[in-house]
Amino acid sequence: MNKSINTNPLVSTEMLIRKPVNIVFEAFIEPDITTKFWFTKSSGRLSEGKKVLWEWEMYGVSDEILVKELETNKRILIQSSNGTTVEWSFTSRNNNETMVNITNAGFTGNADEVLNHAIDAMGGYTMVLCGLKAYLEHGILLNLVADKAPDFHV
């Protein structure tokens with residue numbers, strides 16, 4: 001049986017965060033905040049045109065990303081070292097609510113690899129949004145990323 005994918009999947013996940021858009025946006029560009037709910041180390045703050053190294057030290061992995069576009073309190077577009085793109089969009093719903101949407105595209109490989117990467121990305125970005133919500137709304141560090149696969153810690 002020949003497996004093929006006619007279109008490149010676009011992973012999309014979203015979450016309402018009950019904080020103002022400037023606080024939610026800052027959580028993704030300022031590593032002192034982002035390390036509370038996602039990666040463990042970063043080479044710097046996100047800014048347009050900048051390359052930044054993100055590290056997940058517990059797994060011994062990293063990713064160098066390029067910030068392709070950054071619109072304050074509205075949008076972040078990055079390209080990962082694996083060639084995929086990730087876009088965050090931020091929509092202020094009122095003074096204290098922000099809808100965050102994350103899309104990920106550009107997966108490569110055979111049909112099984114593309115689908116596995118897309119499914120993994122969907123779960124991963126959903127966990128990131130859940131961790132963000134717990135941290136910003138309630139001050140709770142859930143350790144979701146570290147606890148996802150504790151048997152793979154280095």
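**Chat on the fold**

Biologist: Let's start at Phe28. What is Phe28 in contact with, leaving aside its neighbours within four places in sequence?

Modeller: Thr34, Phe37, Trp38, Leu46, Ile76, Trp88, Phe90, Val100, Val128, Leu129 and Leu132. Contact means heavy atoms within 4.5 Å.

Biologist: What are the ground rules here?

Modeller: This is a predicted model, where local features need pLDDT of at least 70, side-chain atom pairs count only at pLDDT 80 or more, and totals for chains, interfaces and linings use all residues. Residues are numbered from 1 along each chain as its sequence is written, and side-chain values use heavy atoms, with hydrogens and water left out.

Biologist: Back to Phe28. Which members of the largest nonpolar core touch the most other members?

Modeller: Phe28 is one of them, with Trp38, Trp54 and Trp88; the core has 40 residues. A nonpolar core here is a set of buried Ala, Val, Leu, Ile, Met, Phe, Trp, Tyr and Cys residues joined through side-chain atoms within 4.5 Å. Buried means under 20% relative accessible area, exposed is over 50%, and partly exposed is in between, using a 1.4 Å probe and protein chains only.

Biologist: Where does the largest share of this core come from?

Modeller: From helix α3, which gives eight residues. In soluble globular proteins, nonpolar side chains tend to be buried together.

Biologist: Zoom out. How many helices and strands are in the chain?

Modeller: Four helices and seven strands. These are DSSP runs, numbered from the N terminus: helices are H or I with at least four residues, strands are E with at least two. The order from the N terminus is β-α-α-β-β-β-β-β-β-α-α. The radius of gyration is 16 Å, close to the 15 Å from the globule rule for 154 residues, so the chain is as compact as a globular protein of that length. That radius is taken over C-alpha atoms, and the rule is 2.2 Å times the number of residues to the power 0.38.

Biologist: What share of the residues is buried?

Modeller: 41% of the 154. The C-alpha trace spans about 55 × 35 × 25 Å along its principal axes.

Biologist: Now the sheet. What is the order of its strands?

Modeller: β1-β7-β6-β5-β4-β3-β2, in an open sheet with antiparallel pairing. Two strands pair if DSSP finds at least two bridges between them.

Biologist: How many bridges pair β6 and β7?

Modeller: Nine, antiparallel. A hairpin of two residues joins β6 to β7. Phe90 has Val100 in β7 as its bridge partner, and Thr85 has Ala105.

Biologist: And β1 with β7: how many bridges?

Modeller: Seven, also in the antiparallel sense. Glu14 has Asn101 in β7 as its bridge partner. β7 is mostly covered, with seven of its nine residues buried.

Biologist: Which residue takes a positive phi in the hairpin of β5 and β6?

Modeller: Gly83, near 95°; there are five residues between the strands. β5 (75-79) and β6 (85-94) pair over five bridges. Gln79 has Thr85 in β6 as its bridge partner, and Ile78 has Val86.

Biologist: Which strands does helix α1 lie across?

Modeller: Helix α1 (21-29) lies across β1, β4, β5, β6 and β7, running at about 160° to β6. Helix α3 (111-138) packs on the sheet too; α3 touches β1, β6 and β7, and its direction makes about 10° with that of β1. Axes are lines fitted to C-alpha atoms, for helices over the stretch in contact, and angles run from 0 to 180 degrees between N-to-C directions.

Biologist: Last one. Where is His117 found?

Modeller: In helix α3. His117 is partly exposed, at 44% relative accessible area. Leaving aside neighbours within four places in sequence, His117 is in contact with Phe107 and Thr108. Pro150 is 33 residues from His117 in sequence and 20 Å away, C-alpha to C-alpha.
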